[in-house]
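Reader: I am new to this structure. Please take one part and walk me through it closely, after a quick look at the whole.

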Amino acid sequence: MIQFKMKVYPSLIIALLFLLQAGQLFAQDTISLKTIVDRSQKLIQDYPTEKVYLHFDKPYYAVGDTIWFKAYVATGQDLPSDLSKVLYVDIISENDTLVRSMKLPVVNTSAYGSITLDPSIYKSSNYRIRAYTYWMLNFSDEYFFTKNIKVGNAINRNIITNISLSGQNPDSSPLINAKIVYKDPEGNPFANKKISWSLISKFETIARGRETTNAEGVVSLKLSAGQKAALDTGILETVLEAETGKLITSQFPLKNSFSEADFQFFPEGGDLIENVSTKVAFKAVQEKGLGLDVKGEIVDNTGKVISSIQSQHLGMGSFTLLPESGKTYKANLSFSNGIKKTIPLPQAKSSGIAISVVSSTASNIILQLSSNPAFFAQNRDKNFYLIARSKGVICFAAQTNLATMNIGASIAKNKFPAGIVQITLFTNKGEPLTERLVFINQTDVSSLSINTDKKVYGSRQPVKMNISAKTRNVPVEGNFSLSVINESKVPNSEDEETTILSSFLISSELRGFIEKPNYYFNQTNEKKFADLDLLMLTQGYRKFSYEDIIKGMEPVISVLPEQGIEFAGILRTSNGMPVSKGSLKLVVPESKFYAETTTNLKGEFKFEKVVITDSAEATISARSSTAARNMMIMLNGTAFPTISKNVNVPGEELNIDSALATYLDNSKRQYFLATQMLQEVVVKATAIKKASHLDHPALSGLGAQPDHLIDSERFKGCPILLTCLQTAATGLTFNDNNFYVTRVYNSGLRVPVQIFYNGMPVDANYLNNINPADVDNIEIFLKDELGMVNRMYNTNGVLVINSKTVPTGKPVSAEDLKKLFPQNNVLTFNPQGYIKKREFYSPKYLSPESRTTGSDLRSTVYWNPRIFTDKAGNMAVEYYNGDNKGTYKAIVEGTDIDGNLSRYIYRYKVE
């Protein structure tokens, strides 16, 4: 192997200075190696990036559960980040709509919180959670943390369905064969039941029919349409008549029903080059975006077979090709879903150079730069730069002279942290020619271990657990989180998990969906290392491009890192002029927070590090010696990221209730017992009569009980009733300034719901005038049984808003009059504050009576987001097991004080 004759620049860690030697003098159109390195380092220092990872207590949930999570905030180099002190966590529905947004304080580079899956808001569906800081809004939302969360329903589950879809004839007379299995919550088939179905596409019903289930509760349907696009966007809605008068509606999206196969080639180094032997990676994916097994042959334009190919992992594989001048190549492929295709290979370049990884030992990366005769003749003895960066930081930089067509080099792996390394070859003008991604596996630098006082326990017995953290075999302080679940009730593939290792080291660095991300870190071996290298060859890198760095292009900064909650704005007089040196006072009664500030010459003011919980009331009052009370307080708005398409759609589950059957069965028992206990409580106090539609004669024709009732508690802290009602109104869809019954809306009909406020018919805009605090309850009628309201107003469905009863006989006070006419210099509002912290409930069975009373069917037995190891690297915890027997799985993950990542799994038995 011919070694580089080059100047080698040592490993560059962000906290260290660059030790660069002076480069040679070049012509004016060249750029020195030091310039490239300096500009890259300046970008990292001036525009540091952040990343976020969320550790959840378990991989999926049921309606009614609480999601427990801990967030780790790091720099782009995986070091604990002190940049941002506020974290945002959003819950987004399967239809890409925002369900909830939360704000959390970041303390010591981490935050923790919880999400209660309220049955009136959440349903059985695929949700996704994204997390980000305000500073991350300056960059692409590709840097946000995102994870799919499957939520099943064990509380109101009156049917279990499982559907399989198979498309035929996509090009002419497209058809989908749908097979649906219907079972009751106990798993018994709905045999010989009538089914009515509708095929809905873009809000229009394009087909409908009636069928009857067989003895196994199965019905088979053939769904056809004139065009495949109508089926791709279609929804199949079925209504099963479980018993006389009891109808159960189910909906199934039809997307990805037709078998497809996409195939791409990825030559190592970026291009095929004539007369240069090149490793060519490939990737095949099916209609849902998941990997697809493939095999075939590579043939040239004469029909000669050059190579046989076969995928080795999730549709990925590789072969070697020596492109000859004047020849073209194609692949004849057979996919595991029955599709056959012929795909041409990229045209080989007549002149070029490529980088390749010859081998990767435990301590070194062995590289080779291979040029063909045409390129070598044009560039002989010219200078080139070889630069390797990890997490945006250049860790290796070298200059070489192209003296031969093949140049080899060995780079020590200890120059790089664990993670992806981007190795790029440049001309002396700074033009990137070829690059290669390599994964450096140093995840064994930091290690965790767990020990318990026993290996086998009984139900409700205490567990004494010790967690130990080491870095390079030396005890270390660290920041971790611990979850203990009953694995027998929460089965899940470890390969499909999203972990702190897969998130920080792979997902946050690469573009697109990554299937089974933890496969590459779970019980690693040589095959998994080879599969991980295929991922490096077939997935795109998402860091700043060298072209932008060399040109000096910098990111556009719109917002600064948040150091806490702040309220900023401008104080103006009634005629719009700014008020300078105006005094303002902020009061948050709930948190007893008080602050004062003064406006600058432009009338601008700011309250920083405000302590306020979500939707708590805050009041800002202003005073000025000149304008007195004749002033207006104008608060600045806040930025919110758009909701883009979910990159992890391939990971969504079509048959959630079937996929989570084991978990939902346990949840059903758990919630049934809780509900049963509540039903046994005897209430002897006199019931308080609530306002209802029955108080208004015009609405007396409606049923005695609404389909859904929303209590006033749901609107605590709500700023605008119409906005909050859009997500709270179960069974209704809001669109074009109208509410619609969702079932009717999805069928394509556009008949709005009639809204009443205290018996008076109003439109949706009127709701903006209603103070949410004055609402006693809201009743939703999806059906008007007698049709009196529907016929009178030509509507479908009724929404009744009942206000709180105003006490009679109470005189109006001066304070009440002031509320009717608020002062201009006083602003009262309910901002988005920090979510209220909740503690995970861990029962203690100390007495003999407590060990036999009630039922403990928890699937998450213990959750602790505050695992902080001491200087000896240890932390001890104690908790009690539940009643369920089986294998209990403890998962601890996090970082040490230097940002080294680690994760550990420990199991014990409960018998």
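Author: The chain exposes about 43000 Å², and carbon and sulfur atoms supply 51% of that area; such areas come from the Shrake-Rupley method with a 1.4 Å probe, and for residues only the protein chains shown count as cover. This is a predicted model, where local features need pLDDT of at least 70, side-chain atom pairs count only at pLDDT 80 or more, and totals for chains, interfaces and linings use all residues. Residues are numbered from 1 along each chain as its sequence is written, and side-chain values use heavy atoms, with hydrogens and water left out.

Of the 911 residues, 50% count as buried (under 20% relative accessible area; exposed is over 50%, partly exposed in between; 1.4 Å probe, protein chains only). The chain has 12 helices and 53 strands (DSSP runs numbered from the N terminus: helices are H or I, at least four residues; strands are E, at least two).

Now the close look: helix α1. It covers residues 33-46, 14 residues in total. From first C-alpha to last, α1 reaches 20 Å, close to the 20 Å expected at 1.5 Å a residue (the expected span is 1.5 Å times one less than the number of residues). Which residues of α1 are buried? They are Leu-33, Ile-36, Val-37, Ser-40, Gln-41, Leu-43 and Ile-44. Seen down the axis of α1, these buried residues fall within an arc of 155 degrees, so they line one face of the helix. The arc is that of the directions from the helix axis to the C-beta atoms.
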